[in-house]
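Hello,

Here is the structure you will be taking over. My notes follow below it.

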Amino acid sequence: MFGSMKKQLEGTNRNDIETIIGANTIIKGEINGSSNLRVDGTVEGSITVSGNVLIGENGRVKGDIVAPELMVSGQVEGNATIENGLSIYSTGSLIGDVKVGSLKIEDGGVFKGHSEMTFKAAEPVFAD
């Protein structure tokens with residue numbers, strides 16, 4: 001199961017990634033966009049995208065992240081609001097509070113914070 005998640009992080013979606021922050025790049029400030037984003041360098045500031053976010057093994061983010069999906073193999077220090085799924089791999093860590101649709105943590109992955117599971121449900125039906 002985890003092997004397939006790792007493959008998704010490392011290869012399957014590479015062609016779908018429009019923006020890559022390279023290993024020797026440091027960005028200080030906000031990132032906003034509509035495409036998938038891969039971070040192999042350092043971001044000091046918030047990330048808000050309507051595409052998915054991948055944090056590579058050497059990637060570092062110090063700031064909040066808002067995205068449909070977040071896959072972490074590096075380090076994130078900040079809160080995350082993830083509509084669908086958050087995956088933390090064996091080399092990844094996330095320190096902060098999260099609001100997510102689903103949460104997967106691989107053996108060795110680190111999560112320190114509070115989590116709130118959110119989901120879109122149909123209107124509740126109450127018996128009269």
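Of the protein's 128 residues, 39% count as buried (buried is under 20% relative accessible area, exposed over 50%, partly exposed in between; 1.4 Å probe, protein chains only). This is a predicted model, where local features need pLDDT of at least 70 and side-chain atom pairs count only at pLDDT 80 or more, while totals for chains, interfaces and linings use all residues. Residues are numbered from 1 along each chain as its sequence is written, and side-chain values use heavy atoms, with hydrogens and water left out.

**Overall**

The protein has 16 strands and one helix. These are DSSP runs numbered from the N terminus (helices are H or I, at least four residues; strands are E, at least two). Among contacts (heavy atoms within 4.5 Å) with a separation of 6 or more, 8% are between residues 24 or more positions apart.

**Strand S4**

S4 covers residues 36-39. Its neighbours come next. Strands pair if DSSP finds at least two bridges between them. S4 pairs with strand S1 (residues 17-21) in the parallel sense, over four bridges. Strand S7 (residues 53-55) also runs parallel to S4, joined by three bridges. Val39 is the bridge partner of Ile21, and Ile55 in S7 is the bridge partner of Val39.

In a regular strand, side chains alternate between the two faces of the sheet. Both faces of S4 are covered. Asn36 and Arg38 are buried on one side, Leu37 and Val39 on the other.

Arg38 deserves a look. Is it buried or exposed? Arg38 is buried, at a relative accessible area of 6%. Its side chain makes a polar contact of 3.0 Å with the side chain of Asp40. A polar contact is a pair of N or O atoms within 3.5 Å; within protein, one must be able to donate a hydrogen and the other to accept it, and residues adjacent in sequence count only if both atoms are side-chain atoms.

**The core**

The largest nonpolar core has 22 residues. Such a core is a set of buried Ala, Val, Leu, Ile, Met, Phe, Trp, Tyr and Cys residues joined through side-chain atoms within 4.5 Å. Ile47, Ile65 and Leu70 have the most contacts inside it. S4 and S7 are among the strands that each supply at least two of its residues. Strand S12 gives the most, with four.

Best wishes
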